[in-house]
Amino acid sequence: MIVVGVDGSVPARAAVAWAANDAFRMHQPLRLVYAVDRQPYQIARFPDADRPDRLRRAGQKALNEAVALVHERQPSVEVTTVLEEGPPARILREQGKAAVEVVIGSRGLGAVTGALLGSVSDHVAGQAEAPVVVVHGGQRSAYGQIVVGVDDSPDCTPALAYAFQQAALRGSTLRAVHAWRRPVQAFGTELPHEAGEDRLAREDMVRACLEPFKRQYLDVTVIEDIRYADAVEALTQASEGTDLLVVGSHGRGALSSALLGSVSRGVLHHARCTVAVVRAG
């Protein structure tokens with residue numbers, strides 16, 4: 001099952017369209033979720049029976065429109081809807097526990113529900129158990145390429161698994177980007193052969209990370225892209241010519257001050273394409 005956040009905004013519609021196509025490729029049902037968040041409006045949880053509940057009516061309208069969009073894009077995809085009350089981030093995390101991925105828009109500012117899909121994306125991506133896809137709205141060309149960030153941490157393996165699966169389903173090339181900066185030398189000047197040895201070691205590391213997945217996905221063309229650069233900068237640059245950028249996240253939980261790592265957070269805010277954040281563990 002794929003869960004997608006709905007709030008009636010243009011970015012949310014882009015998320016629904018993206019999720020419908022991915023549900024078709026993955027042979028998964030689609031669940032559209034609308035969160036009725038009353039707190040910003042200071043409306044009683046149980047309004048008077050004589051007064052129409054505008055928030056719920058607006059939510060149902062947005063869900064109906066989203067269902068129509070799914071049927072227009074992918075008629076064969078099974079779709080259900082959920083209208084729940086509470087903070088959007090919490091509801092999406094709860095709904096996402098049984099999902100293969102959670103899809104949200106990049107900056108949804110619905111006229112009724114408030115900021116459902118704006119800063120909420122940080123909280124959902126940092127805590128949701130399933131991969132979280134943050135869809136950038138607007139018309140973009142299809143490049144036939146997926147980019148995944150690679151490093152030697154445990155966060156990387158789930159992200160690689162997701163990226164290879166997406167590349168295989170789409171028939172896309174997979175570009176594996178590894179970026180690093182050498183620490184400043186406290187004494188003396190770095191010798192050329194030391195820099196060369198460091199790069200060779202990193203090439204070997206990237207190759208070792210990719211090898212198990214390359215054996216599993218024989219039809220996926222993989223490009224190893226190793227850059228001496230800041231990781232966020234390198235991945236943001238790579239996002240210019242890609243359909244999907246995949247990064248890992250440590251996902252330390254709701255009580256952590258760092259819900260997302262600095263790289264995944266930076267990529268979410270600066271990438272120029274749709275981003276998938278895949279939590280380790």
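Two strands are said to pair if DSSP finds at least two bridges between them, and helices (H or I, at least four residues) and strands (E, at least two) are themselves DSSP runs, numbered from the N terminus. The structure described here is a predicted model, in which local features need pLDDT of at least 70 and side-chain atom pairs count only at pLDDT 80 or more, whereas totals for chains, interfaces and linings use all residues. Residues are numbered from 1 along each chain as its sequence is written, and side-chain values use heavy atoms, with hydrogens and water left out.

The protein contains 8 helices and 10 strands. Of its 281 residues, 49% are buried, where buried means under 20% relative accessible area, exposed over 50%, and partly exposed in between (1.4 Å probe, protein chains only). Its accessible surface, computed by the Shrake-Rupley method with a 1.4 Å probe, comes to about 13700 Å², and 51% of this belongs to carbon and sulfur atoms. Among the contacts (heavy atoms within 4.5 Å) between residues at least 6 apart in sequence, 78% join residues at least 24 apart.

The 10 strands of an open sheet follow the order E3-E2-E1-E4-E5-E10-E9-E6-E7-E8, with mixed pairing. At the edges stand strand E3 (79-85) and strand E8 (222-228), each of which has a single partner strand, so that one side of each is left without a neighbour in the sheet. On average, neighbouring strands of this sheet are turned by 20 degrees against each other, direction ignored. In general, strands of a sheet pair through backbone hydrogen bonds, either parallel or antiparallel.

Strand E6 (residues 145-149) runs parallel to strand E9 (residues 244-249), to which 3 bridges join it, and E6 also pairs with E7 in the parallel sense, over 5 bridges. Ile-146 stands opposite Leu-244 in E9, while in E7 the bridge partner of Ile-146 is Leu-174. Strand E7 (residues 173-180) is largely enclosed by the rest of the structure, because 6 of its 8 residues are buried.

Helix H1 (residues 10-26) lies across strands E1, E2, E4, E5, E9 and E10 and runs at about 170 degrees to E1, the angles being taken from 0 to 180 degrees between N-to-C directions, with axes as lines fitted to C-alpha atoms, for helices over the stretch in contact. Helix H8 (residues 262-270) lies across E5, E9 and E10, and its direction is at about 155 degrees to E9. The axes of helix H7 (residues 231-238) and H8 come within 9 Å and cross at roughly 35 degrees. In this contact, Ala-231, Val-232, Leu-235 and Thr-236 of H7 meet residues of H8 that include Ser-262, Val-263 and His-270. By class, the contact of H7 with H8 has 5 nonpolar, 4 polar and no charged residues.

Two loop positions may be set side by side. His-27, in the loop between H1 and E2, has a phi near 55 degrees, a positive value in a residue other than glycine, and His-27 counts as exposed because its relative accessibility is 73%. Ala-128, in the loop between helix H4 (120-127) and strand E5 (132-135), is buried, with a relative accessible area of 2%. Leaving aside neighbours within four places in sequence, Ala-128 is in contact with Arg-93 and Arg-279. Ala-128 and Val-278 are 150 residues apart in sequence, yet their C-alpha atoms are 9.0 Å apart in space.

Notes:
Nonpolar A, V, L, I, M, F, W, Y, C, P; charged D, E, K, R; others polar.
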